[in-house]
Amino acid sequence: MAPSPTTNNNNNKPTLHHNNNNNNNNHPESSPPIAAATTTFYHHPPPSLEQPQPQPVVIRRRQRRNPRQTPREGKSLTIQPPYPWATTHRAIVHTLKTLTDTGITAVSGDVYCKRCDQRYQIEYDLRDKFLEIANYIVENKYKLRERAPPAWMNPTLPNCRFCGQENSVKPVIAKKKKSINWLFLLLGKMVGCCTLDQLKYFCKHTGNHRTAAKDRVVFLTYLELCKQLDPTGPFHRF
Ligand SMILES: [Zn+2]
């Protein structure tokens, strides 16, 4: 039986982003600092799951280049951060501490409805969504055997705010890969909406395997993004 992520009915009910000016600092009732809250909030996995399950993995050896690759000729080392939570490095977001320190408590992104075509923005609470995903990973990491569960591969999409259609709102994924809103995709658990090509781009710029099947690359993307948010958290591979 395939494991499924935490099923919480609120998972796919993002709040509507009311203003379009990307101002994410307007949360008066701010929650406690994330840095203080995150690591202590991870659940401990049941003892039976703590044992790593080694598995035979056939990895075709390829000529290994610098893991966090330098861009090809003509491409700059750094980029203009496409979002307030993105860094100047491709596919790398700021840590939770940096985001909290700069007052970013929510992450927004563009979506569109498959049914009525309406395009709008939705927003996720950074701390709540991160902890939900982080706890799921901590509890299931070894059970997953480095493969994304079905719910990550084919995410249940949010319902449309306009026409009410269920499972209908897809993220708008930037055509330019350096502008992909990775943190938004993570928090909405919509990383699986990316193409294999887009996921390989992410893995290429973060030093992860990118020759594997999509379920493996999706898993590594979740793990890597959580690690970027909390570098001291339990998001290492085996
Ligand atoms: Zn709609």
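A donor, as the word is used here, is an N, O or S atom within 2.8 Å of the metal. The exercises below concern a predicted model.

**Exercise 1. Describe the zinc site: which residues donate to the zinc ion, and how are the donor residues spaced in sequence?**

Step 1. Begin with the atoms around the metal: the protein donors are the SG atoms of Cys 113, Cys 116, Cys 160 and Cys 163, and they lie 2.3 to 2.4 Å from the zinc ion.

Step 2. Turn next to the sequence, where the donor residues follow the spacing C-x2-C-x43-C-x2-C. Within this set, the pair Cys 116 and Cys 163 links distant parts of the chain, for the two are 47 residues apart. Cys 116 sits in the loop between strand E2 (106-113) and strand E3 (119-125), whereas Cys 163 sits in the loop between helix H4 (150-153) and strand E4 (169-171).

Step 3. Decide on the geometry: four donors count as tetrahedral if all angles lie between 85 and 135 degrees. The angles subtended by the four donor atoms run from 107 to 115 degrees, and the arrangement is therefore tetrahedral.

**Exercise 2. Classify Cys 113, Cys 116 and Cys 163 as buried, partly exposed or exposed.**

Step 1. The cut-offs needed are under 20% relative accessible area for buried and over 50% for exposed, with partly exposed in between.

Step 2. Cys 113 has a relative accessibility of 0%, so this residue counts as buried.

Step 3. Cys 116, with a relative accessible area of 33%, is partly exposed, and Cys 163, at 30%, likewise counts as partly exposed.

**Exercise 3. Work out how the aromatic pair of Tyr 83 and Trp 85 is arranged, and where Asn 181 stands in relation to these two residues.**

Step 1. The structure holds seven aromatic pairs.

Step 2. Compare the accessibility of the two partners: Tyr 83 is partly exposed at 22%, while Trp 85, at 1%, counts as buried.

Step 3. Apart from neighbours within four places in sequence, Asn 181 is in contact with Tyr 83, Trp 85, Ser 108 and Gly 109.

**Exercise 4. Determine how the rings of Tyr 136 and Trp 152 are oriented, and which cluster includes them.**

Step 1. The ring centres of Tyr 136 and Trp 152 are 5.6 Å apart, with 65 degrees between the planes, and the pair is edge-to-face.

Step 2. Tyr 136 belongs to helix H3 (residues 126-144) and Trp 152 to helix H4, so that a pair 16 residues apart links distant parts of the chain. Both residues count as buried, Tyr 136 at 4% and Trp 152 at 1%.

Step 3. Ring pairs join Tyr 136, Trp 152 and Tyr 222 into a cluster.

Conventions:
Residues numbered from 1 in each chain as written. Predicted model: local features only at pLDDT ≥ 70, side-chain atom pairs only at ≥ 80, totals over all residues. Heavy atoms only, no water. Donors = N, O, S within 2.8 Å, 3.2 Å for Na, K, Ca; no water. Tetrahedral: all angles 85-135°; square planar, octahedral: opposite > 155°, others 65-115°. Helix = DSSP H or I, 4+ residues; strand = E, 2+ residues; numbered from the N terminus. Buried < 20%, exposed > 50% of the residue type's maximum accessible area, 1.4 Å probe, protein only. Phe/Tyr/Trp six-rings, centres within 6.5 Å; stacked < 30°, edge-to-face > 60°. Contact = heavy atoms within 4.5 Å.
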